[in-house]
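Here are my notes on the model you sent over. Open it up next to this page and follow along point by point.

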Amino acid sequence: MGLREDQIERYSRQILLPRIGGKGQQKLLDARVLIIGAGGLGSPAALYLASAGIGRIGIVDSDKVELSNLQRQILHSTADLGRTKVDSAKDTLNAINQDAEVVPDQIRLTSENIMDIIAKYDIIIDGSDNFPTRYLVNDACVISGKPLVHGGIFRFDGQAMTILPGESACYRCLFPEPPPPGLVPSCQEAGILGAVAGIIGTMQANEVLKYILGIGNLLTGRLLIFNALDSSFRQVKVPRDPKCPVCSEKPTVTKLIDYEQFCSLRQKKEE
Amino acid sequence: MSIKVRIPAPLQKLTQSKEEVEAGGTNIKELIDALEKDFPGIKERICDEKGLVRKFINIYVNGEDVRFLQQDATPVKDGDEVSIIPAIAGGR
Ligand SMILES: [Zn+2]
């Protein structure tokens with residue numbers, strides 16, 4: 001089925017692009033993307049993906065909109081205070097583009113529910129804000145072979161990397177173990193510049209678009225590091241770890257574990 | 001000997017907010033010891049009690065992770081750029 005008249009006009013500026021065209025636009029409209037976290041990273045990612053005409057966008061978040069979120073979580077506005085983030089996100093995205101079917105999911109991801117949730121999507125964006133969730137998402141994506149776009153932010157710094165399970169390094173290849181709780185302050189304690197979230201979340205959306213369109217070079221096997229204070233982007237190489245517990249030839253983690261425990265055990269070991 | 005070392009935000013408290021410092025040494029181990037001399041306390045943030053680089057911190061020499069080179073025996077020389085990159089979890 002071809003594009004409608006209004007779709008041809010709405011997406012004309014990207015349909016015009018070489019290597020996208022009507023065919024590429026159809027790929028976007030047929031794509032299903034899951035965004036984990038409707039916060040600092042998930043907001044810009046969702047806005048660009050919905051605007052670009054991604055056909056289905058799942059959003060998982062268990063929180064409600066708070067006043068201190070609005071400095072960076074641009075999916076939500078003052079009128080949304082107290083609403084669930086997924087409902088607020090759905091309304092914002094629907095107002096931009098009805099082509100994007102938004103599937104809100106107000107739950108906390110766990111080892112029990114994540115596999116069924118990610119199974120319904122082509123690619124996953126991690127915009128979560130804690131290490132247990134990040135390792136959970138990584139392992140679930142590697143085990144089920146789902147592409148994952150990682151993003152992390154801290155004060156004036158951001159990091160991003162795309163993971164193609166079985167082909168490129170995963171998050172555990174990059175950082176084998178999480179820091180013990182308390183050693184690394186959260187955004188809540190450390191602060192974050194909203195624009196840093198915007199830059200990294202937009203980078204994640206860009207990776208998803210390239211993956212779906214099959215164009216360009218993904219951020220695989222390399223970590224992008226952004227620093228807002230000197231406006232610098234750097235990249236470091238991230239090889240696959242032959243001893244990676246999840247993505248190596250002989251993985252030791254073949255099913256999901258208890259990630260809260262995984263992340264707090266480290267603390268006991270450190271003490 | 002002067003090697004540029006990029007200090008990540010969480011450790012900049014120890015380097016008087018400097019995000020780039022210079023240090024000497026012929027390998028990563030010596031470089032970390034040199035950093036510790038100039039910025040006391042930084043070593044225990046980078047290394048565990050056995051002196052091994054912590055698993056949520058990576059050290060890169062000219063963009064390559066020393067874990068995949070010779071760990072803390074990875075040689076460094078004048079003009080090299082060393083980056084210390086910790087895992088960051090923020091997203092919301
Ligand atoms: Zn791996």
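Predicted model: local features only at pLDDT ≥ 70, side-chain atom pairs only at ≥ 80, totals over all residues.

1. Everything below is computed from it, so local features are discussed here only where pLDDT is at least 70, and side-chain atom pairs count only at pLDDT 80 or more.

2. Start with the zinc ion. Its protein donors are the SG atoms of C170(A), C173(A), C244(A) and C247(A), lying 2.3 Å from the metal. What geometry do the 4 donor atoms give the site? It is tetrahedral, with angles of 93 to 121° among them.

3. The donor residues follow the spacing C-x2-C-x70-C-x2-C. C173(A) belongs to helix α8 (residues 171-174), while C244(A) is in the loop between β8 (232-237) and α11 (259-270), so this pair ties together parts of chain A that are 71 residues apart in sequence. Both C173(A) and C244(A) are buried.

4. Next, the interface. How much area is buried between chain A and chain B? About 3100 Å², and carbon and sulfur atoms give 54% of that. On the chain A side, F175(A), R234(A) and K237(A) lose the most area to chain B, together 17% of what that side buries. In terms of contacts, 49 residues of chain A meet 26 residues of chain B.

5. Staying at the interface, let's go through the polar side of things. The rule finds 4 salt bridges between chain A and chain B. E177(A) forms a salt bridge with K55(B), and their closest N and O atoms are 3.8 Å apart. There are also 10 residue pairs in polar contact across the interface. If you want to colour the chain A elements that give two or more residues to this side, pick α7 (131-144), β5 (148-154), β6 (157-163), α8, β7 (222-227), β8 and α11.

6. Move on to I20(A), in the loop between α2 (12-15) and α3 (21-30) of chain A. Is I20(A) buried or exposed? Its relative accessible area is 12%, which is under the 20% cut-off, so I20(A) counts as buried. Leaving out residues up to four places away in sequence, I20(A) touches Q14(A), I15(A), Q25(A), L213(A) and I215(A).

7. In α3(A), the buried residues are G21(A), G24(A), Q25(A), Q26(A), L28(A) and L29(A). They pack against α1 (5-10), α2, α4 and α10 (194-213) of chain A. Just after α4(A), G53(A) takes a positive phi of about 95°.

8. Buried doesn't have to mean greasy, so here are two polar examples. Q7(A), in helix α1 of chain A, is buried with a relative accessible area of 6%. Its side chain makes a polar contact of 3.2 Å with that of D99(A). Beyond its neighbours within four places in sequence, Q7(A) is in contact with I15(A), L29(A) and D99(A). N130(A), in the loop between β4 (123-126) and α7 of chain A, is also buried, at 18%. The side chains of N130(A) and D129(A) are joined by a polar contact of 3.0 Å.

9. Last, check two backbone angles in chain B. Most residues other than glycine have a negative phi. S17(B) has a positive one, near 65°, and Q71(B) has one near 45°. S17(B) sits in the loop between β1 (3-6) and β2 (20-23) of chain B, and is exposed at 59% relative accessible area. Q71(B) is in the loop between β4 (64-65) and β5 (81-86) of chain B, and counts as partly exposed at 44%.

Key:
Residues numbered from 1 in each chain as written. Chains lettered and ligands numbered in written order. Heavy atoms only, no water. Helix = DSSP H or I, 4+ residues; strand = E, 2+ residues; numbered from the N terminus. Buried < 20%, exposed > 50% of the residue type's maximum accessible area, 1.4 Å probe, protein only. Contact = heavy atoms within 4.5 Å. Donors = N, O, S within 2.8 Å, 3.2 Å for Na, K, Ca; no water. Tetrahedral: all angles 85-135°; square planar, octahedral: opposite > 155°, others 65-115°. Buried area = accessible area lost by both parts, 1.4 Å probe. Salt bridge = Lys/Arg side-chain N within 4 Å of Asp/Glu carboxyl O. Polar contact = N/O pair within 3.5 Å; in protein donor to acceptor, adjacent residues only side chain to side chain.
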